[in-house]
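Here are my notes on the model, point by point. Have the structure open while you read.

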Amino acid sequence: MNALRILIAAAMSCAALAQPSPDDPVALLREDAPLYSGRTPSEVARLRAQQFTRLAKHGVPPDALPFIVAELAHGHKPLTIAAAARAAAAAGPAASAAAPYLLRLLRPAFHDQQLTLDEHGLTSVRIEAVRALESFGASAGDEALAALRELADDRGLAANELGPVLRAAID
């Protein structure tokens, strides 16, 4: 009987280890995390964006980088893309693998959107992408610098809130 109790206790311990902790923001970036079960796609996007923003604020561990890069490469919800870009900026050059995916957000065909990620007010997907590229520094590559300069040459874009962010990134 003791052996059975030990086996049951061991199985329960393994099951508990398999469940992500609500205090582990990286585990909560997984799209199949139990937190998202039964929620609408919009609710999942909002919650995942909160996790990316939380990482940006409190530090980006290395195991979060694949989730950040994946969101920037394949994401289609402006809120989660902007939040992932913010997390990439917080990670700095360690997230420079995301640079090619951030460049797609600078193309004229990309429809930028203003949004709010936190208490600091309005931002946009493109602003967060530019800030991420700025944080990568030289590791963002020459293509990123060329894309930033091209965007800065567009007087319509450079005249709004994006202008100062672009100039800072280019410098």
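1. A term to start with: contact, or packing, means heavy atoms within 4.5 Å. Helices (H or I, at least four residues) and strands (E, at least two) are DSSP runs, numbered from the N terminus.

2. Some ground rules: this is a predicted model, where local features need pLDDT of at least 70, side-chain atom pairs count only at pLDDT 80 or more, and totals for chains, interfaces and linings use all residues. Residues are numbered from 1 along each chain as its sequence is written, and side-chain values use heavy atoms, with hydrogens and water left out.

3. Helix α2 takes up residues 41–58, and its buried residues pack against α3 (65–74) and α4 (78–91). Among the buried ones are Val 44, Leu 47, Phe 52 and Leu 55; buried means under 20% relative accessible area, exposed over 50%, partly exposed in between (1.4 Å probe, protein chains only). Just past the end of α2, Gly 59 has a positive phi of about 115°.

4. On to α3: Leu 65, Ile 68, Glu 71 and Leu 72 are its buried residues. They sit on the same side of α3 because their arc around the axis is only 130° (the arc is that of the directions from the helix axis to the C-beta atoms). Pro 66 and His 74 are exposed on the other side. The buried set packs against α2, α4 and α5 (99–103).

5. Do look at Thr 123 in strand β2 (residues 122–124). Its relative accessibility is 4%, so Thr 123 counts as buried. Leaving out residues up to four places away in sequence, Thr 123 touches several residues, including Arg 86, Leu 117 and Arg 131.
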